[in-house]
Number of protein chains: 2
Amino acid sequence: MTANKPILEALGLQRASENSIIPVILCGGSGSRLWPVSRKDMAKQHVPLFGATSPFQRTLARLDGAQFGTPIVISAAASRFMIAEQAAASGTEVEIALEPQGRDTLAAVTLATCLAARRNPAATVLVLPSDHLIGDVDAFQASVAEAARLAEDGRIVMLGVNPTQPSPGFGYIARGEQVAANAHVVARFVEKPDEASAAELVREGWLWNAGMFCFRAAAGLREIEQHAPEALAAVRRAIEEASVDLGALVLGASFAAAPKISFDHAVMEHTSRAAVVSTDFDWSDIGDWKSVWQRSPRDDHGVAREGRVHARDVSNCYLRSDGRLLCALGVDGLAVVDTADAILVAPIERSHEIKALVNELEADGVAEACTSARVHRPWGWYQTTDLGDRFRVKRILVKPGKKLSLQRHHHRAEHWVVVRGTAEVTRDDEVLILRENESVYLPLGCTHRLANPGKIPVEIIEVQTGTYLEEDDIVRIADDFGRI
Amino acid sequence: MTANKPILEALGLQRASENSIIPVILCGGSGSRLWPVSRKDMAKQHVPLFGATSPFQRTLARLDGAQFGTPIVISAAASRFMIAEQAAASGTEVEIALEPQGRDTLAAVTLATCLAARRNPAATVLVLPSDHLIGDVDAFQASVAEAARLAEDGRIVMLGVNPTQPSPGFGYIARGEQVAANAHVVARFVEKPDEASAAELVREGWLWNAGMFCFRAAAGLREIEQHAPEALAAVRRAIEEASVDLGALVLGASFAAAPKISFDHAVMEHTSRAAVVSTDFDWSDIGDWKSVWQRSPRDDHGVAREGRVHARDVSNCYLRSDGRLLCALGVDGLAVVDTADAILVAPIERSHEIKALVNELEADGVAEACTSARVHRPWGWYQTTDLGDRFRVKRILVKPGKKLSLQRHHHRAEHWVVVRGTAEVTRDDEVLILRENESVYLPLGCTHRLANPGKIPVEIIEVQTGTYLEEDDIVRIADDFGRI
């Protein structure tokens, strides 16, 4: 593990002004309800959903402005390289803190508040989910500014969303005494009411709890200390035990001692300082394909399309293809989602059951339940494109300046053909420079390494031949990413 | 074009005994109603539908017995190599006659009758569609034997199928005077009645016309001469003009002068010698996905599966995947068919509309309407498995003893990696032998050829790099298949 300057700064060296807002982006959760596009190794917030950018990238884009400091992203290890890659692609610097295990939002918010307080206890913390969509960025920033003003008085401020339908899946907030133009004291919370109760709450003007919080770091710590002291203690110990690995802060084992509970239940329902800003923007938690369909542009027949789609006499469908030609005829109300290795067909209205379907697949040991065809690594990605009896063909992309581990295989030989960029290939004692259209043979047992010394991505086609062609036939001799 | 012994024999040298039955298999038609599995380049009769064998191969398998001579297959040029390949895979010798254009069944039956008559005018001709399914081979052969006995008297005998439902799409036969245990004179024909009339015909005991005919060659010629003399004249001229190309008889241009009409309309409805054998076997014309579903093994919920399929709360569906994981949740009555490059989702009950959908795709210039991902050639096949900005990856299979053309490209270089078998590669003046796991580079502009001198198929992975990577960048210098 190597030291990394931004993270060390986050641990106490970086400073924030009193007026700056430190965004905290919660990036846990796998979103199996958007399977097969989202998987365990490709969480919902990282999937390009409406065009080429992901919800996580849209969340970053909403934080454009001098009032915002460098965002802190709280995540699990599985998503770390995806976070770094998507943040870099967005041109945004982020600090990444990795939870050893998911402990719900109390632990995550506590961690973020501690890290922000080290920059400046007077700074304002803005907690944001990474997998929500907001239509109007100006309206969002206006609500944040109002929340930040309220936070100056030590309030713990939530952003409340005007319900568009009586959804039983959400938390609801009742407004009490008005404290500013669009702000009220929080009078009461109701979590996941039944359908009838939800309809009543909507009629009575309750707001949705969108999981967005705003408070001064010192005030947040005070409330957490008062209402969840064991969480604060566990997180503080985990920060003391933390190490820095490949540009991310890895929390220590004590993190496990934090109780697994939401920040809402543990703190918001008990504090006397809760306030809510009534927002005025389009909002969606894109919880399943139904909400993706609702947020997508649709034709006169209610059909939303992504990719190569042909529809004949089709209505109220979400049709998505990642490459193949998807043809639908005479169907209504279906979600059809095609990816490189799996297809889903289900009624849009039963989208919420997809999670259970994925659980079934996982129990059956079906790899596609959790693993995407394209496997992301710190150095880039690879994808199997053809598989035969004794051979496998992969496409491999190496990011500029990155290299794979120095490695050896017991059961396979490999041919590499460079199709883009310039690769540096180590083969036993040789180092070769391969340009586009050049190739190299790596006999079984040879020590080899692929690197990209250039300024543009390298892409190669790898043809493996041998009797055993799985990922675990690898002996790592040296690695930039600590995987020996 | 080179001479080929079996075809020359079919042109007059081969003899058949009086008692032998010469099967004629009509192999035209593209079957776009089974799209995306069947396409213009992959007709319905050649698609593996229930397991690994195709309807055409099942048709050949039903002709096992000393009473049957070498089958004559009437087809269009597009299917010739597929016919040869599937017949060879079935271990069956066939003679192939290629129509310059499809002219409906009168011309095809006339052609087959002329070819059979050259073997022996007293031989019995048995005309069979190639894309039907028959459950009970013994019952089929018993009906054929009965039809052949009736044919001895100069009758033109049809095989009539007992209807299982009132289908408006079929032709119906009314039985007249009984002439043998299961045989009657044909009293009347009705073609494609409306739904109500079809139900009435079924109640009255009419039979389906399954397009299977049996007659002595000389008797057939007599009837055709009487009722369709212009067809006979055109076909006879086309045979005189015929050439032999790569083992198939290619009819001459005069074939176009044959009227485009069915054998039923032109001959059967007019002859006084029509008889029908009432058959007693399961029969299906697998006209669309509905009939495939009806003929497939189904679970208690009516779900038929082919390939990797996971279904949760699904009923009455046909779910087919050629490789990917297909997941269906909460749907009823759907056909979902996935192939390497296209997916179809449609209600089973609307299967008959798929033809119209494919016509739309074709009008839009969508390649997948007509062309399969795997492209069959006389020497084997190829399939694109990955495609990037300036590269394309293909898998290529070369059959034992075959070779591709000697060729050159203006815009691309190629890397070949052998992953199965032993290849002989010509590169400019060199000839190289490449074993499994060996590779060769073919620079832009070089003259090259791939051949399989061995006894097992050769498979290679081809990586093309260049600015233009379409099939038409090819200069053929020499070719075994006359494509220079």
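Strand β19 (residues 342–347) of chain A pairs with strand β17 (residues 325–329) of chain B through four bridges, and the two strands run parallel. Within this pairing, Leu344(A) stands opposite Cys327(B) in β17(B). The model is predicted.

Now take the contact between the chains. On chain B, 48 residues are in contact with 48 residues of chain A. Strand β19 (residues 342–347) of chain B gives the most to this side of chain B, with six residues. By class, the side of chain B that touches chain A holds 26 nonpolar, eight polar and 14 charged residues.

How do the two copies relate? Chain B superposes on chain A by a rotation of 179 degrees, with 0.0 Å of shift along the axis and an RMSD of 0.1 Å. That is the relation of a two-fold axis. The same surface serves both copies: 100% of the contact residues of chain B recur in chain A. Which residue of chain B comes closest to the rotation axis? Thr385(B) does, with its C-alpha at 3.1 Å.

Next, look at a sheet inside chain B. Six strands form an open, antiparallel sheet in the order β20-β21-β22-β29-β24-β27. Strands β20 (374–377) and β27 (439–442) of chain B are the edges, each pairing on one side only. Neighbouring strands of this sheet are turned by 20 degrees against each other on average, direction ignored.

Strands of a sheet pair through backbone hydrogen bonds, either parallel or antiparallel.

Note on methods. Residues numbered from 1 in each chain as written. Chains lettered and ligands numbered in written order. Predicted model: local features only at pLDDT ≥ 70, side-chain atom pairs only at ≥ 80, totals over all residues. Contact = placed C-beta atoms within 7 Å. Nonpolar A, V, L, I, M, F, W, Y, C, P; charged D, E, K, R; others polar. Pairing = 2+ DSSP bridges. Least-squares fit on C-alpha atoms with pLDDT ≥ 70 in both. Axes fitted to C-alpha atoms, helices over the stretch in contact; angles between N-to-C directions.
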